[in-house]
Amino acid sequence: DCLAALSFSKLSFSISSLSDDGLRYVLTLIKSKETIARKYAATALRNLSASSEEKDAFFKLGIPGLMTEVLSDKEKDLDVLAAAALSSLSCSSRITDRFLDSGILHTVIRSISNATVELKSQIAAIFANLSEHLECRPIMISHAVVKAIDALSAVDHGDTLQDCARALANLSSAEKAQHAIYRQGGFKTLDTLSHSDCETCKR
């Protein structure tokens, strides 16, 4: 398992896609009993989810759900890789409100507590990417994502702060959502971001 996972991990740096059968095999490796094999398999999925232009296969094979399970296990290093894969997949037009209702948002929000700076950065990217989809915004607000963004805005990390600002800007673009955002502490978050050292956030 370890050698196979290592091979896929190295291969994923140089290819932009993998056949469905290839992806299925990587999925079996991420469930391996060997920690290093799981890490290599998660690395491969992170790289492939970022480089693949066509992401339908990832959704067809249930990879977002699997990455959510890996994230919820809070296994060191694997959680960051899983969040990075979810960040890439959250850019896809296959993301829907029904997909978010499957529990992914709940798991991502719960993962913020005691998360490393690197993991928080990936979570902020997930929120920012999801907020680009109009259909996702109402359910994000109903899951109190603004409160989660507020927690992330305390991180002294440029990319994290930029993604927090992008997510908050997108979520607040609809006037009817602004009251809910206010109740979730959105103005406080906005103030935190505007007083950060991140010049992009201040704009």
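Helices here are DSSP runs of H or I with at least four residues, numbered from the N terminus. The model is predicted.

**Figure 1. Overview of the protein chain.** The secondary structure comprises 15 helices and zero strands. The chain has 203 residues, and 51% of them are buried. Contacts between residues at least 6 apart in sequence were examined; 72% of these join residues at least 24 apart. The chain exposes about 10,300 Å². Carbon and sulfur atoms supply 50% of that area.

**Figure 2. The largest nonpolar core.** This core holds 60 residues. Ile 63, Met 67, Phe 127 and Met 140 have the most contacts inside it. Helix 6 gives the core its largest share, eight residues.

**Figure 3. Helix 5 and its buried residues.** Helix 5 spans residues 63-73. Its buried residues are Ile 63, Pro 64, Leu 66, Met 67, Thr 68, Val 70 and Leu 71. Two of these names, Ile 63 and Met 67, return among the residues with the most contacts inside the largest nonpolar core. An α-helix has 3.6 residues a turn, so residues three or four places apart point the same way. Just after the helix, Lys 74 takes a positive phi of about 55°.

**Figure 4. Contacts of Ile 63.** Neighbours within four places in sequence are left aside here. Ile 63 is then in contact with Leu 23, Leu 27, Leu 45, Phe 58 and Leu 89. Ile 63 itself is one of the buried residues of helix 5.

**Figure 5. Asp 77 in the loop between helix 5 and helix 6.** Helix 6 covers residues 78-89, and Asp 77 lies in the loop between helix 5 and this helix. Most residues other than glycine have a negative phi. Asp 77 is not a glycine, yet its phi is positive, about 75°. Its relative accessibility is 36%, so Asp 77 counts as partly exposed.

**Figure 6. Ala 144 in the loop between helix 10 and helix 11.** Helix 10 covers 137-142 and helix 11 covers 145-152; Ala 144 sits in the loop between them. Ala 144 has a positive phi of about 55°, although it is not a glycine. Ala 144 counts as partly exposed because its relative accessibility is 22%, and buried would require under 20%.

**Figure 7. A nonpolar surface patch.** Tyr 182, Phe 187 and Leu 190 make a patch of about 350 Å². Leu 190 belongs to helix 14, residues 186-194. With a relative accessible area of 47%, Leu 190 is partly exposed; exposed would require over 50%.

Technical notes
Residues are numbered from 1 along each chain as its sequence is written. This is a predicted model: local features need pLDDT of at least 70, side-chain atom pairs count only at pLDDT 80 or more; totals for chains, interfaces and linings use all residues. Side-chain values use heavy atoms; hydrogens and water are left out. Buried means under 20% relative accessible area, exposed over 50%, partly exposed in between (1.4 Å probe, protein chains only). Helices (H or I, at least four residues) and strands (E, at least two) are DSSP runs, numbered from the N terminus. Patches are made of residues with over 30% relative accessible area and no salt bridge: like charges are joined within 9 Å, nonpolar side chains (Val, Leu, Ile, Met, Phe, Trp, Tyr) within 5 Å. Accessible areas come from the Shrake-Rupley method with a 1.4 Å probe; for residues, only the protein chains shown count as cover. A salt bridge is a side-chain nitrogen of Lys or Arg within 4 Å of a carboxyl oxygen of Asp or Glu. Contact means heavy atoms within 4.5 Å. A nonpolar core is a set of buried Ala, Val, Leu, Ile, Met, Phe, Trp, Tyr and Cys residues joined through side-chain atoms within 4.5 Å.
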